[in-house]
Amino acid sequence: MANILCIGAGYVGGPTMAVIAQKCPEHRVVVVDIDGTKITAWQSDRLPIYEPGLKEVVLSCRDKNLFFSPEVERHIAEADIIFVSVNTPTKTFGQGAGKAADLQYWEKTARLILQHSRTPKIVVEKSTLPVRTAEAMEQILHSDDRDLPFDVVSNPEFLSEGTAIRNMENPDRVLIGARDTPSGRRAMQAIVDIYAHWVPRERIITTNLWSSELSKLVANAFLAQRISSINSISALCEKTEADIQEIAHAIGLDSRIGPRFLNASVGFGGSCFKKDILNLVYLCEHYGLPEVARYWEQVVRMNEYQQARFHSCILSSMFNTVAGKRIALFGGAFKANTSDTRESPALNVCRALVEERAEVVLTDPYALDNARIDLGEDARRVTFEPDPYAAAVNAHAIAILTEWPLFVDLDYEAIYRSMAKPAFIFDGRNILDHRSLFSIGFNVQAIGKPPLIHPAR
Ligand code: NAD
Ligand code: UGA
């Protein structure tokens with residue numbers, strides 16, 4: 001039996017530890033956080049995040065071998081293995097502002113671990129970190145006279161929100177990096193043994209520490225690059241009457257390219273793609289590789305361009321003014337099946353329309369609370385409406401910003417009847433049947449597709 005601790009009860013710490021607890025009933029798993037309200041929510045019926053299948057997993061082991069606690073110090077003292085899953089956002093101040101990772105939470109955690117440890121520990125980097133962070137971690141952990149044996153292991157997380165439980169239960173791979181020393185190898189084996197409870201051994205790959213740390217940044221950069229690549233071509237499609245979904249299908253059948261992650265959209269969001277690519281850019285600059293830095297930076301710039309292009313299209317299609325017009329935004333979450341609105345393109349479009357003095361109504365099945373918080377001051381000029389039908393009443397336009405399946409199944413004839421005319425639909429996710437919407441009477445603009453506009457009568 002091992003005492004496993006996770007510091008950070010967020011989108012990664014909560015779900016990953018719940019699955020580890022469920023799959024390893026002989027281990028005791030505790031998740032701690034400095035945010036007491038989050039811990040209270042994890043202990044309640046209303047978990048702090050929405051994630052399909054999460055509640056079932058939590059309920060199956062909570063208070064058996066899975067515990068949530070605000071007592072960080074006490075549980076550090078008791079732990080054998082400590083996963084660190086604190087936030088590593090983009091730095092907003094000083095050197096590297098806007099690109100480098102802000103490692104203050106990370107470093108505080110390292111110091112806390114040192115301060116409250118009395119026994120040897122394996123410290124696992126679960127957060128996404130700049131390459132060579134483990135070296136700094138080791139220096140902090142070995143900085144006092146006691147010289148307690150600590151081993152630092154890298155085990156980056158590859159789950160996607162909305163499919164976190166599925167990804168954890170059946171991962172493409174688990175990556176574990178450690179020092180090539182006798183104690184490093186023992187630490188690595190201890191982490192391999194946890195995952196081997198349910199992950200086939202050939203999918204648990206082991207590398208050196210730096211490859212493991214850097215692989216995480218590179219994986220996110222490659223995924224985001226595919227989206228920016230297809231989005232860049234969507235702009236060309238809109239000029240040439242080519243259809244981006246036909247192109248994605250045609251190129252995706254090439255097994256070297258593959259069909260996944262080729263959905264053109266209003267842009268990628270989420271707390272990680274942008275921050276991790278900018279971190280990669282910063283690292284390249286730091287190591288004197290400006291050409292490599294510019295190459296990856298363009299992935300982020302293309303994403304900003306795609307979002308700007310989308311709201312410009314709304315404006316120009318609606319006769320260059322939306323002031324005083326009700327516009328219903330369908331979706332606030334950065335993707336379907338999550339309540340997370342961090343870096344959501346939906347909120348960027350929302351802000352741009354508020355700026356244009358549109359009367360914005362936002363609807364989303366799970367993300368309205370987070371949207372209200374993230375919009376800050378702008379939230380006062382937005383109506384939050386859980387019912388999409390009510391959101392659309394008297395609206396001049398609907399913009400689909402999150403690919404929630406429920407938006408596909410709505411009665412668009414009834415919605416059309418309730419709207420101001422001419423009625424527009426801007427499909428930022430290409431999930432609707434555009435021809436049938438056009439035949440109902442809508443003017444339809446989708447990403448990377450010829451517009452379907454009724455001629456003036
Ligand atoms: P999050 O903000 O949801 O959770 C981080 C938690 O850490 C917060 O609740 C915060 O209160 C807590 N925390 C910070 N400092 C602490 C301290 N000293 N002691 C105890 N708790 C502390 O962040 P997240 O989305 O879970 O991401 C965590 C890390 O995992 C990041 O590095 C991120 O890049 C990476 N990651 C995230 C995802 C994802 O889907 N969100 C996927 C893979 C990797
Ligand atoms: C992403 C990665 O997929 C995970 O492997 C990684 O662990 C995680 O980041 C992380 O490090 O945080 P996530 O951001 O949760 O996961 O969700 P994705 O499914 O990757 O979607 C990211 C964004 O891209 C969303 O806004 C989504 O709508 C958009 N997207 C995705 C597209 O616009 N088109 C696509 O084809 C796919």
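Trainee: How many residues surround ligand 2, and which are the closest?
Mentor: 21 residues surround ligand 2. The closest are F158, L159, S265, F334 and R429. Near means a heavy atom within 4 Å.

Trainee: What am I looking at, and how is it numbered?
Mentor: This is a predicted model, where local features need pLDDT of at least 70, side-chain atom pairs count only at pLDDT 80 or more, and totals for chains, interfaces and linings use all residues. Residues run from 1 along each chain as written, chains are lettered from A and ligands numbered from 1 in written order, and side-chain values use heavy atoms, without hydrogens or water.

Trainee: What about the backbone of E157 and G269?
Mentor: A backbone N or O atom of E157 is 3.4 Å from an oxygen atom of ligand 2. For G269, a polar backbone atom is 2.9 Å from an oxygen atom of the ligand. The protein covers 91% of the 700 Å² of accessible area that ligand 2 has on its own. That area is Shrake-Rupley, with a 1.4 Å probe.

Trainee: Which helix gives the most to that shell?
Mentor: Helix α9, residues 209-240, with 4 residues. Helices are DSSP runs of H or I, at least four residues; strands are E, at least two; both are numbered from the N terminus.

Trainee: How does the ligand 2 shell split by class?
Mentor: 10 nonpolar, 5 polar and 6 charged. Ala, Val, Leu, Ile, Met, Phe, Trp, Tyr, Cys and Pro count as nonpolar, Asp, Glu, Lys and Arg as charged, the others, Gly among them, as polar.

Trainee: Switching to ligand 1. Which residues come nearest?
Mentor: D33, K38, T88, E161 and K275, out of 25 around ligand 1. That shell has 8 nonpolar, 9 polar and 8 charged residues.

Trainee: What does E161 do there?
Mentor: An N or O atom in the E161 side chain sits 2.9 Å from a nitrogen atom of ligand 1. Polar backbone atoms also meet ligand oxygen atoms: Y11 at 3.0 Å, T128 at 2.9 Å. Alone, ligand 1 exposes 830 Å², and the protein buries 92% of that.

Trainee: New topic. At what angle do α5 and α6 cross?
Mentor: Roughly 35°, with the axes of α5 (residues 104-116) and α6 (residues 133-141) coming within 9 Å. Axes are fitted to C-alpha atoms over the stretch in contact, with angles from 0 to 180 degrees between N-to-C directions.

Trainee: Who touches whom?
Mentor: W106, E107, A110, R111, I113 and L114 in α5 meet T133, M137, I140 and L141 in α6. Contact means heavy atoms within 4.5 Å. These residues divide into 7 nonpolar, 1 polar and 2 charged.

Trainee: Cis or trans from K421 to P422?
Mentor: Cis, with omega near -5°. P422 is in the loop between α17 (412-418) and β13 (424-427).

Trainee: And what is phi of D147?
Mentor: Near 45°, a positive value in a residue other than glycine. D147 lies in the loop between α6 and β6 (150-154).

How values were computed:
Polar contact = N/O pair within 3.5 Å; in protein donor to acceptor, adjacent residues only side chain to side chain.
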